[in-house]
Amino acid sequence: MPRRSLSQASFYDPELLLPKCLEPGTVPWLLARFRSKLFPAWLFKGWRGEGRRGRKAWPAVTLVVLLLLRWTEEGLSRLGSTKRAQTDLLWRAAMGLQLGAPTPDEKTLREFEIFLRGRHSGSGVPRYLLFHEHVVRLCIEAGVVGEDHDWTMDSTPMWCYGAVLDTVRLLGDGTRRLAQRWAAACKVSLAEVAEQWSVPHVCGKSTKGYFHVDWRDATARAEVFDTVAQGAIRAVESVRRHIQVVRSSKRKGLLKLSRQLLRTIRDDLDTDKQGRLVVAERVAKDRVISLTDPQARHGRKSKSSTFNGFKLHLIGDLVSGLISAVAVTTGNTHDGAVANRLIRRAKALHEEIEQVLADTAYGGAALRHRVRGESQVHLLSPPPANMRSEGRLGRDTIEIDFLAQTATCAAGVTTTDHEMVWSSEHQVHVSAFKWPKQTCRDCELREACCGKRQGGHRVRLHPYEQELRQAREDWSRPEVRAAYRRRSECERLVHRATRHGARRARSWGLAQAQLQAHAIAMTCNLKLLAKALAQETIQNRAVA
Ligand code: SF4
């Protein structure tokens, strides 16, 4: 897009005041020069103000530029970004706003984010996902991904925005919130509700501060837990009994909070010998950890390192740095659970992906099988270790002919006794082989093979035993290990996202975290596109 001549320029144009503010090859430069071409109208179909009817609204392109600029540095809050847009010449030039002209406010930006989280009318896919895919396509078309490419995937913690609470605060603060909402819905005071439900602690500023006990004393602590839990149960019972009294618009929120309180009681508490509700000596599988961010979960990065909130998964090219697919899940979701979906999305955008480097978390045979079957992509990751007790022969010492359905043990005895048995671990039927009792009894390797078990040796295979064996065989080859060494560079790809604010969610909820992650990935990709276009412009000028 050619720059305007001096006679065409307005005195209020930011570029006139600061002519060199837009440095070629940067995201603001790209947005200022190409924003109308980068974001086609079909992406924002349905945004109020785009049609002829309805009240006027900010153009979607201006808002999308503001949304992307928000994540160009370390990530700003919504309010922070709108304030900066009022005064920053660079940002105003990128958004196409003149000096002194109005700027979108925080509410408009929030509404636009809600719009982007909605599903596109044509495809039924969330708009931010379509938008991200559109940016990836632009990058690929501009030649960001060269002939030399190496794809990799990984995950990283994304801390939640809401406060993470312990059990007593989850119950105490939750009951207070329920009482406050109930008081507002019934137009009575909080003190009246507290008296009705016999939960005086809801009138205190903080749950823990209300009970003047020594929190190191286990007996005192147990008394408080029981009081708070019984209070929560009474509150939920009362809400459920009298829910018809309040307006229908308030009922959903009150019942949702009641369910959340009951879930915390079920997950976190047990009954002791005296019939009191005390903190359970276990951790529930999908334990809620925050009142304000109920989708956040405890996660584990390694055996010793834990985090609270969500997990960001991404797949990208190590060479160019392009992030082609992103997803955010709860913190306790296994890495392998979204791997297939991400690879499928990345493959749909870039046909030439043949191999993806990934760590041990993605090494399962079932995942390898699905990825190969659905996307024709080879997952290069370390296979699961072969588990065997000390001094015992492992399953890897048995040779299996999968076609003939025969197995040959370490002593060289071949069996054809094959059957399909139900595996409760994998919830499918799996192959099992059995050797004759007589042969095993006289065998020299009996102790190492069967241990103390009587009868003939039996072995039950993994549902994807063939995949597993192939992966282990591949992994033993030096050239495969050498190719895998590049995977550590994936940390650079993760760092590209986290240094733009992906380490912490800037709003409540998983849906908002998804939008944030996609906006950050788009900003990272637009940076690459800006560099490619700037390079092209320089080359064109040189040729001319
Ligand atoms: S005990 Fe049976 S299965 Fe095991 S090595 Fe000996 S013959 Fe083979």
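This report covers a helix, a sheet, a ligand shell, cysteines and aromatic pairs in a predicted model.

## Helix H3

Helix H3 spans residues 60–69. Of its 10 residues, 9 are buried, so the rest of the structure largely encloses this helix. The buried set is Ala60, Thr62, Leu63, Val64, Val65, Leu66, Leu67, Leu68 and Leu69.

## A three-stranded sheet

Three strands make an open sheet in the order E12-E13-E14. Their pairing is antiparallel. The edges are strand E12 (418–423) and strand E14 (458–460). Each has a single partner strand, so one side of each lacks a neighbour in the sheet. From one strand to the next, the twist averages 35°.

Strand E13 covers residues 428–434. E13 pairs with E14 over 3 bridges, in the antiparallel sense. Ala432 sits opposite Arg460 of E14.

## The ligand shell

Which residues surround the ligand? They are Cys409, Ala411, Val413, Trp435, Cys440, Cys443, Arg446, Cys449, Cys450 and His457. By class, the shell holds 8 nonpolar residues, 1 polar and 1 charged.

Helix H16 (residues 446–450) is the element that gives the most to this shell. Its share is 3 residues.

## Cysteines

The disulfide count is 0. Take Cys139 as a case. The closest cysteine sulfur to its own is in Cys524, 11 Å away. A disulfide needs the two sulfurs within 2.5 Å, so 11 Å is too far for a bond.

Cys139 has 0% relative accessibility and counts as buried. Cys160 also counts as buried, at 4% relative accessibility.

## Aromatic pairs

The model has 11 aromatic pairs. In one of them, the ring centres of Trp47 and Phe115 lie 5.3 Å apart. Their planes meet at 55°, so this pair is tilted. The pair links distant parts of the chain, 68 residues apart. Trp47 lies in the loop between helix H2 (27–38) and H3, while Phe115 belongs to helix H6 (residues 106–117). Both Trp47 and Phe115 are buried. They also belong to one aromatic cluster, with Phe39, Phe44, Phe112 and Phe131.

Trp182 and Trp197 form another tilted pair, 6.3 Å centre to centre with 45° between the planes. Trp182 is in helix H8 (residues 167–186) and Trp197 is in helix H9 (residues 190–197). These two residues are 15 residues apart. Are they buried or exposed? Trp182 counts as buried at 5% relative accessibility. Trp197 counts as buried at 3%.

Technical notes
Residues are numbered from 1 along each chain as its sequence is written. This is a predicted model: local features need pLDDT of at least 70, side-chain atom pairs count only at pLDDT 80 or more; totals for chains, interfaces and linings use all residues. Side-chain values use heavy atoms; hydrogens and water are left out. Buried means under 20% relative accessible area, exposed over 50%, partly exposed in between (1.4 Å probe, protein chains only). Helices (H or I, at least four residues) and strands (E, at least two) are DSSP runs, numbered from the N terminus. Two strands pair if DSSP finds at least two bridges between them. Axes are lines fitted to C-alpha atoms, for helices over the stretch in contact, and angles run from 0 to 180 degrees between N-to-C directions. A residue is near a molecule or strand if one of its heavy atoms lies within 4 Å of it. Ala, Val, Leu, Ile, Met, Phe, Trp, Tyr, Cys and Pro count as nonpolar, Asp, Glu, Lys and Arg as charged, and the others, Gly among them, as polar. Rings of Phe, Tyr and Trp (its six-membered ring) pair if their centres lie within 6.5 Å; planes under 30 degrees apart count as stacked, over 60 as edge-to-face and the rest as tilted.
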